[in-house]
Every structure is written in structure tokens, then in C-alpha cells.
Amino acid sequence: IIIDMIKSGNFTAIFIDSLNMMVSKERVEKGISDKSVAAEARVHDRALKKIKRMLSSYGVSLIGISQYRDNIGAMGAGNEKSLAGGNAWKFGADMRIKLSRLKTVKDDDYFVNNVEIIKNKCGSPFRKEKWYCSLGNGTDHIREVLEYGKEQGIISLSGSTYSHGDTKLGAGYNKVATFFEDNADFLKQIEGELYQKLGLKT
């Protein structure tokens, strides 16, 4: 299916959610109790070698999502977590990003993820960053601006009131979010100052 999608020329990005649920034909045809040692790992290895050569030719990005599982054979020694598909995706991927939740704030319905680049053939690896996510909405851009703005001294917080210079943005996140919705140009101004402080291009 993935090969057909790549060849069609209709896609620039293909998401696999998740790698853990990709079951080999061998596993499907065998009974539940039958042993099939590393069947998925072999399939992933062969398929990835074939698919990867096609991706650059057709200008397609392949993004796979996986979850860590407990490594039963570790027994307290070595890596206690493992990924589906053996080492095929570890070696074959141009970039590997590890997401882990740092905290959940139930009152404001958001959570903070730790983002770690553990492999990168396209840039600098081993960088870490925080990712603010709002439940039901995805990336919480306004909260990111507030948090990074505080770190860089662009935004100040006194009690629950956020301020930018002499301008009060509001008391509490919800008031600030409403303020930015009504004053989109002011939000862009703060973003520009933040990008400049961080040395990023706008």
C-alpha cells in the first residue's frame, strides 16, 4: 500500500500510526499460539530498504509513529525498553524524535512534552526542547510564546498577570489568549522579538 501511495505522486508525506500495529502476513496466517520469532522485524527491514530508495525519487517523506514497550528479556540489565520492528527503523530512519510527557495541568487542560532529537542526518542531533500541547487543539502556540517570552525576558509575570513592557496582557492564560485573539498584530510583534532573541528566522 505504501509503495502504491509513493508511486501515485499524490502524496508528499505518509504517516504510519503506528508501527506496532503493522502485522506481517506470516503472523496473520499462523495461529495465535504458533511461534514466529522476529517475523515483523524481518519484514520491516526488507520493506524499509525498498521503500527508502523510492522516497527521495518521488519527493515523499515517510513518518512512522511507535511506542516504547517493556523489554521482557532485559531483567534489569541493558535497555529495558524496546521498539517494534527490531532495529530496522533505528538504522534506516534519517531522523528519530523521542517524545515523553513531563507534566499534565488538568485545570488548564494542557500538558508539556519533552522533545528529544536522538538521531538526525538532516541537522544537529541530541537537542532537547519542550512542547506545549492543549487537549483537543494540539500545539498550544500562545502558551509557547508566553513560556519562551518569560525565559528570554520579553514577557514578565507578576502573580497571575502577564505583561509586555508597560502593556498588560491579562491575568491568567485564558485572558491572555483572548487578548492575543483580539490583537493578532501585537502577538506577531512579540513573536518577532522572540525570534530575534533566539536567533531564528521569521
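Reader: At what angle do helix α5 and helix α6 pack, and how far apart are their axes?

Author: This is a predicted model, in which local features need pLDDT of at least 70, side-chain atom pairs count only at pLDDT 80 or more, and totals for chains, interfaces and linings use all residues. Residues are numbered from 1 along each chain as its sequence is written, and side-chain values use heavy atoms, with hydrogens and water left out. Helix α5 (residues 141-151) and helix α6 (residues 173-182) pack at about 105°, and their axes are 10 Å apart. An axis is a line fitted to C-alpha atoms, for helices over the stretch in contact, and angles run from 0 to 180 degrees between N-to-C directions. Helices (H or I, at least four residues) and strands (E, at least two) are DSSP runs, numbered from the N terminus.

Reader: Why are α5 and α6 called roughly perpendicular?

Author: Angles under 35 degrees count as roughly parallel, over 145 as roughly antiparallel, 65 to 115 as roughly perpendicular, and the rest as oblique. The angle here is about 105°, and α5 and α6 are therefore roughly perpendicular to each other.

Reader: Which residues of α5 and α6 meet?

Author: From α5 come I142, R143 and L146, and from α6 come Y173, V176, A177 and F180; contact means heavy atoms within 4.5 Å. By class, these residues are six nonpolar, no polar and one charged. In that scheme Ala, Val, Leu, Ile, Met, Phe, Trp, Tyr, Cys and Pro count as nonpolar, Asp, Glu, Lys and Arg as charged, and the others, Gly among them, as polar.

Reader: What makes α5 a mostly covered helix?

Author: Eight of the 11 residues of α5 are buried, where buried means under 20% relative accessible area, exposed over 50%, and partly exposed in between (1.4 Å probe, protein chains only). The buried ones are I142, R143, E144, V145, L146, E147, Y148 and G149. Their cover includes β6, β7, β8, β10, α6 and α7 (184-198). Just after α5, G153 has a positive phi of about 75°.

Reader: What is the angle between α6 and α7, and what follows from that angle?

Author: α6 and α7 pack at about 105°, with axes 5 Å apart. That makes α6 roughly perpendicular to α7. F179, F180, E181 and D182 of α6 make the contact with A184, F186, L187 and I190 of α7. The classes in this contact are six nonpolar, no polar and two charged.

Reader: Why are β5 and β8 said to stand at the edges of their sheet?

Author: The sheet is open and has four strands in the order β5-β6-β7-β8, with antiparallel pairing. β5 (95-105) and β8 (138-139) each have a single partner strand, so one side of each is left without a neighbour in the sheet. Two strands pair if DSSP finds at least two bridges between them. Strand β7 (residues 128-134) and β8 have two bridges, in the antiparallel sense, and S134 stands opposite G138 in β8. α5 packs on this sheet, touching β6 (110-120), β7 and β8, and its direction makes about 135° with that of β7.

Reader: Why is H164 called buried?

Author: H164 has a relative accessible area of 12%, so H164 counts as buried. H164 lies in strand β10 (residues 161-164). Leaving out residues up to four places away in sequence, H164 touches I154, L169, F186, Q189, I190 and E193.

Reader: Why does M54 count as buried?

Author: The relative accessibility of M54 is 12%, so M54 counts as buried. M54 is in helix α3 (residues 39-58). Apart from residues up to four places away in sequence, M54 touches I3, I6 and K7.

Reader: How many helices and strands does the chain have, and what percentage of its residues is buried?

Author: The chain has seven helices and 11 strands, and buried residues make up 31% of its 202 residues.
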